[in-house]
Amino acid sequence: MKNLIALVFFIFGQTMIAQNIDFNTKKGFVIEGFDVVSYFNNAPKKGNDDYVSKYKGGKFKFSSQDNLDTFNENPEKYVPAYGGYCAYAIAVKGDKVSVDPETYEIRDGKLYLFYNSWGINTLKSWLDEYPDSLKEKADINWKRIN
């Protein structure tokens with residue numbers, strides 16, 4: 001009986017661990033504290049310390065109470081693909097690379113972020129190199145590295 005109880009707690013514990021996502025939490029928040037809901041209005045905004053939510057191990061900031069409430073009603077809709085790491089780097093190299101929070105794309109209702117610095121804009125590469133194919137590769141790589 002003790003072994004059965006221990007097994008149940010082990011399985012439950014592994015399930016709880018598996019639910020967390022390895023978010024890109026530079027500056028302590030997902031997407032450096034930008035409001036994930038604001039991206040879907042084509043106007044990314046920095047979040048405010050007064051509006052914070054936690055989800056699957058990540059801390060999110062929001063620019064308003066409305067956006068915080070919107071996120072809390074359906075967080076899966078707003079959580080960035082690949083934990084907020086560069087979608088192109090995940091696809092091409094299977095590497096977790098930081099992003100420029102203002103370099104993004106909404107594709108099929110999902111938020112994708114990209115590296116953009118030192119003359120390298122991976123969103124441009126993503127769009128030039130068949131994003132649907134890259135998305136398939138990124139999905140496979142993300143399962144392996146997350």
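Tyr82, Tyr85, Tyr112, Phe114, Trp126 and Trp142 form one aromatic cluster, where rings of Phe, Tyr and Trp (its six-membered ring) pair if their centres lie within 6.5 Å. The structure is a predicted model, in which local features need pLDDT of at least 70 and side-chain atom pairs count only at pLDDT 80 or more, while totals for chains, interfaces and linings use all residues. Residues are numbered from 1 along each chain as its sequence is written, and side-chain values use heavy atoms, with hydrogens and water left out.

The pLDDT, which is the predictor's confidence in each residue on a scale from 0 to 100, averages 90 over the protein chain, and 88% of the residues score at least 70. Residues 1-18 have a pLDDT below 50, and beyond near neighbours in sequence this stretch has zero contacts in the model (contact means heavy atoms within 4.5 Å). Where pLDDT is low, the predicted coordinates should not be read in detail.

The protein chain contains six helices and six strands; these are DSSP runs, helices (H or I) of at least four residues and strands (E) of at least two, numbered from the N terminus. Their order from the N terminus is α-β-β-α-α-α-β-β-β-β-α-α. Of the 146 residues, 39% count as buried, that is, under 20% relative accessible area with a 1.4 Å probe, protein chains only.

Strand E3 (residues 100-107) pairs with E4 in the antiparallel sense over five bridges; pairing requires that DSSP finds at least two bridges between two strands. Asp100 stands opposite Phe114 in E4. The two strands E3 and E4 form a hairpin with two residues between them, and Asp108 in the turn has a positive phi of about 50°. In strand E4 (residues 110-114), four of the five residues are buried.

The structure holds eleven aromatic pairs. The ring centres of Tyr82 and Trp142 are 6.1 Å apart and their planes lie at 65°, so this pair is edge-to-face (planes over 60 degrees apart; under 30 degrees counts as stacked and the rest as tilted). Tyr82 lies in the loop between helix H3 (75-78) and helix H4 (87-92), whereas Trp142 belongs to helix H6 (residues 131-145), 60 residues apart. Both Tyr82 and Trp142 are buried.

The rings of Tyr112 and Trp126 have centres 5.7 Å apart and planes at 35°, so this pair is tilted. The pair links strand E4, which holds Tyr112, with helix H5 (residues 122-128), which holds Trp126. Tyr112 counts as buried because its relative accessibility is 3%, and Trp126 is buried at 0%.

How values were computed
Buried means under 20% relative accessible area, exposed over 50%, partly exposed in between (1.4 Å probe, protein chains only).
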